[in-house]
Amino acid sequence: NREPSGQHVLDEEYYKRIEAVQFTMSHDDGKIISDLGKSDVVLLGISRTSKTPTSIYLANRGYKVANIPLIPNKKIPSELIENYKKICVVGLVCDATRLSDVRRNRIQSMHEDRPVDYTNEKKILNELENSKKLFKKYNWPIIDVTRKSVEETAASIIKILDILNSR
């Protein structure tokens, strides 16, 4: 005999996931950066490196995720640099050619106003190089998402978190 809605037992795990999803949605795309220390992980990457879908997937697994786009000539939040040993930051990178295609498709489908050079491969290569330099400077792990599904990227991030949390 099964209780109605027995599969939705409102246990601690459930509330933890709800809280994680709310946190992650409000910290999407650099919207809130004042409390990054409360994140389980902060994802950094240039435009269209799967930060949001990866964040949401992790949130549904109960992780509080902030994601911040790396925008040319815009500084990253100082909290990340000041607390770079305390906050788990993961850098996401992608193949430049693939990124150029993804950005081109995005502009066409969303009719977005973007800078003229948003899809320029040389410019994207430059953005990627700068992001890798930043990640290496602070010794942040880097995941290449080019041929990875969101689930695979998330699994790699969970491994990183497990290693950090076991220290």
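Student: Which residues does Ser-39 touch, not counting residues up to four places away in sequence?
Tutor: This is a predicted model, where local features need pLDDT of at least 70, side-chain atom pairs count only at pLDDT 80 or more, and totals for chains, interfaces and linings use all residues. Residues are numbered from 1 along each chain as its sequence is written, and side-chain values use heavy atoms, leaving out hydrogens and water. Contact means heavy atoms within 4.5 Å. With residues up to four places away set aside, Ser-39 touches Phe-23, Lys-64 and Ala-66.

Student: Is Ser-39 buried or exposed?
Tutor: Buried means under 20% relative accessible area, exposed over 50%, and partly exposed in between (1.4 Å probe, protein chains only). Ser-39 has 10% relative accessibility, so it counts as buried.

Student: Where is Ser-39 found?
Tutor: Helices (H or I, at least four residues) and strands (E, at least two) are DSSP runs, numbered from the N terminus. Ser-39 sits in the loop between helix 1 (12–26) and strand 1.

Student: Why is strand 3 largely enclosed by the rest of the structure?
Tutor: Look at both faces. Val-89, Gly-91 and Val-93 are buried on one side, Val-90 and Leu-92 on the other. Strand 3 (residues 89–93) is largely enclosed because five of its five residues are buried.

Student: Which residue of strand 4 stands opposite Leu-92?
Tutor: Two strands pair if DSSP finds at least two bridges between them. Strand 3 and strand 4 (residues 142–144) run parallel, joined by three bridges. Opposite Leu-92 stands Ile-143.
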